[in-house]
Amino acid sequence: MSGDGEIRLVAPAKINLALHITGLRKDGYHLLETVAVFTEFGDRLSLKPAVEDRLFVTGPYSATIPSGPDNIILRALALYRDITGSLTPRVSIALEKNLPAAAGIGGGSSDAAAFLKAFDRMCSSTAGYEGLHAIGHRLGADLPMCLQASPLIAKGIGEQIEPLDQFPRLALVLVNPGVEIPTPAVFKALGANRNPPLPQLNAGLTPRAVAEWLMATRNDLEAPAKILFPKIEEARYRLEETSASFVRMSGSGATFFGIFSDLEAARNAAETIAMKRPDWFVVATETLASGDIHEPDR
Ligand code: C5P
């Protein structure tokens, strides 16, 4: 926290390296098994005590999200006050929206998770870990993962989190062809929902071994997303034309990721793709390894 009580935090992209849909609950939510990692690159949040609550949204994707009470950060703030029942400070929130919305990389969920962690810090941990998870559950299935924000396996509908030990940093390129995809439509278009679970994942993998393990895994949402939005396939082709050792769609799309030998290779590939498709979201970044966290105030 800086002198004036400001807290800054990155809200990273959540990348589903693998996403297996293994069943359907009676309430319509799907059971899944996913390996998720989080990137250095992300939205940027800053919180300051203020006289009244305010949210300012800037950044390249600011126009794609609501800035009023429907914004997931303000919904998280309202739930925080409901649950803690405490007189929490009024807060001025600045969000730099660098991640595209409805993109399969958890943008809104990650913003809400980062906000909750930062605001709880501002409130001297009034809600604490349990409270934040209780609020998170009410905001979306990806929230528990985004609160963890380090390499993990999630099961159930995404709420059963197993942090992964010794998961390496990966150099990635993220590519989104500018197509917003509504997650419920993709789940609805999913054919089979009782698919095989994730294969065993051993600790201590190298990036190359992760890419090899991923060959035996799937994203079960990639096929239905492409049926609904065929043009997103070009994002996969563009990554496959580069030196990526592995390419796949994240979440319900339409962001694809490629895994590279190092950040320099990722940057070269991103430059090539961005030259061909200057209007797309194309970013080279690294993922957080086990034990790394986005520290507040950086
Ligand atoms: O929970 P969240 O709002 O992120 O989910 C959006 C939609 O995605 C849900 O309304 C549901 O249609 C679908 N979904 C699902 N199974 C999950 C997660 C999401 O069917 N495990």
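Predicted model: local features only at pLDDT ≥ 70, side-chain atom pairs only at ≥ 80, totals over all residues.
Me: Which residues surround the ligand?
Reply: Among them are Gly-28, Tyr-29, His-30, Leu-32, Thr-183, Pro-184 and Phe-187. Gly-140, Ala-141 and Ile-157 also belong to this set.

Me: Why is Leu-24 called partly exposed?
Reply: Its relative accessibility is 37%. Buried requires under 20% and exposed requires over 50%, so Leu-24 falls in between. Leu-24 is part of strand S1 (residues 7–24). Leaving aside neighbours within four places in sequence, its contacts include Tyr-29 and His-30, two residues that also surround the ligand.

Me: How do you know whether Thr-34 is buried or exposed?
Reply: The relative accessible area of Thr-34 is 0%. That is under the 20% limit, so Thr-34 counts as buried. The residue is located in strand S2 (residues 30–49). Beyond four places away in sequence, Thr-34 touches residues including Asn-16, Ala-18, Met-145, Ile-153 and Leu-198.

Me: Which polar contacts does the side chain of Thr-34 make, and what makes them qualify?
Reply: The side chains of Thr-34 and Asn-16 are joined by a polar contact of 2.9 Å. A polar atom of the Thr-34 side chain also lies 2.7 Å from the backbone oxygen of Ala-18. Both distances are within 3.5 Å, so both meet the distance criterion.

Me: Why is helix H2 described as largely enclosed?
Reply: Of the 16 residues of H2, 13 are buried, so the rest of the structure largely encloses this helix. H2 covers residues 107–122 and reaches 22 Å from its first C-alpha to its last, close to the expected 22 Å. Ser-124, which follows H2, has a positive phi near 50 degrees.

Me: How do you know that S8 and strand S9 pair, and in which sense?
Reply: Strands S8 and S9 (residues 256–260) share four bridges. At least two are needed, so they count as paired, and the sense is antiparallel. In one of these strands, S9, Gly-258 is the bridge partner of Val-247. Six residues separate the strands of this hairpin, where Gly-251 takes a positive phi near 55 degrees.

Me: What makes S8 and strand S10 the edge strands?
Reply: The open sheet has four strands in the order S8-S9-S7-S10, with antiparallel pairing. S8 and S10 (281–286) each pair on one side only. On average, neighbouring strands of this sheet are turned by 20 degrees against each other, direction ignored. Strand S7 (residues 171–176) pairs with S10 over six bridges.

Me: Which helices lie across strands of this sheet, and at what angles?
Reply: Helix H8 (residues 233–240) lies across S7, S8 and S9, at about 10 degrees to S9. Helix H9 (residues 263–276) lies across S7, S9 and S10, at about 180 degrees to S10.

Me: Why is Ser-243 called exposed?
Reply: The relative accessible area of Ser-243 is 52%; exposed means over 50%, so the term applies. This residue is found in the loop between H8 and S8. Beyond four places away in sequence, Ser-243 touches Phe-260 and Ala-265.

Conventions:
Residues numbered from 1 in each chain as written. Heavy atoms only, no water. Axes fitted to C-alpha atoms, helices over the stretch in contact; angles between N-to-C directions. Contact = heavy atoms within 4.5 Å. Buried < 20%, exposed > 50% of the residue type's maximum accessible area, 1.4 Å probe, protein only. Polar contact = N/O pair within 3.5 Å; in protein donor to acceptor, adjacent residues only side chain to side chain. Expected span 1.5 Å × (residues − 1). Near = heavy atom within 4 Å.
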